[in-house]
Structures are given as structure tokens and as C-alpha cells.
Amino acid sequence: MSEADYTDVPLRDSMIRLGQLLKLANLVEDGAEAKDLIENGMVQVNGDIEDRRGRQLHPGDIVSAAGQTVRLVPSS
């Protein structure tokens with residue numbers, strides 16, 4: 001996957017949970033939608049399907065959901 005295929009999302013902290021990221025990156029509108037996508041196997045982290053809404057994500061992780069892909073980067 002090339003850099004043009006995803007959008008960078010800056011992280012203020014060293015970690016964010018998957019459900020929070022989905023909302024922050026505007027991949028979902030609310031926590032209920034995030035939960036549904038995750039439970040239905042429609043979210044990937046670093047190319048693998050993720051079923052834990054509380055999964056800890058760090059800069060460098062790549063998340064795909066709702067037809068979009070984002071990469072976590074440290075905020076500058």
C-alpha cells in the first residue's frame with residue numbers, strides 16, 4: 001500500500017483505542033457504529049481483521065474501515 005492510499009491521523013498521546021480512533025478519524029459517526037463494524041469483521045488493523053474495540057493502537061499502525069484507510073502518526 002502506498003502513502004497515497006491512506007490519510008495520516010496525528011495522535012496527541014502515545015496510544016489510542018480502536019473505537020476512539022474510528023470516531024476521531026471520522027470513519028464512523030458514533031460508538032455504536034464502531035461496535036457494529038468491529039463485531040462484523042469490517043475493521044482491519046495492519047492488514048488483519050480486528051475484533052477488539054479496545055485494541056491499543058500506536059503511531060505507525062494502519063487501520064481500514066468503511067472503505068477508508070488511515071495511518072497513525074505522532075502529532076508534531
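## Charges

Let's start with the charged side chains: the chain has 8 positive and 13 negative ones, and the centres of the two sets lie 7 Å apart. Here Lys and Arg count as positive and Asp and Glu as negative, while His and the chain ends are not counted. Each charge is placed at NZ of Lys, CZ of Arg, CG of Asp or CD of Glu.

A quick word on where this comes from: this is a predicted model, where local features need pLDDT of at least 70, side-chain atom pairs count only at pLDDT 80 or more, and totals for chains, interfaces and linings use all residues. Residues are numbered from 1 along each chain as its sequence is written, and side-chain values use heavy atoms, with hydrogens and water left out.

## Overall build

Read along the sequence, the pattern goes β-β-α-α-β-β-β-β-β, which comes to two helices and seven strands. Helices (H or I, at least four residues) and strands (E, at least two) are DSSP runs, numbered from the N terminus.

The C-alpha atoms fill a box of roughly 30 × 25 × 20 Å, taken along the principal axes. Of the 76 residues, 36% are buried, where buried means under 20% relative accessible area, exposed over 50%, and partly exposed in between (1.4 Å probe, protein chains only).

## The sheet

Which strands make up the open sheet, and in what order? Five of them, in the order S1-S7-S6-S3-S4, with mixed pairing. S1 and S4 stand at the edges with a single partner strand each, so one side of each has no neighbour in the sheet. Two strands pair if DSSP finds at least two bridges between them. In general, strands of a sheet pair through backbone hydrogen bonds, either parallel or antiparallel.

Now look at S7 (residues 68–74): five of its seven residues are buried, so the rest of the structure largely encloses it. With strand S1 (residues 7–11), S7 pairs in the parallel sense over five bridges, and valine 70 in S7 is the bridge partner of threonine 7. With strand S6 (residues 62–65), S7 pairs in the antiparallel sense over four bridges, and threonine 69 in S7 stands opposite serine 64. The hairpin of S6 and S7 has two residues between the strands, and alanine 66 takes a positive phi near 55° there.

Serine 64 in S6 is also the bridge partner of glutamine 44. Strand S3 (residues 44–45) and S6 pair in the antiparallel sense over two bridges.

## A glycine in a loop

Glycine 54 sits in the loop between strand S4 (48–49) and strand S5 (56–57). Its relative accessibility is 39%, so glycine 54 counts as partly exposed.
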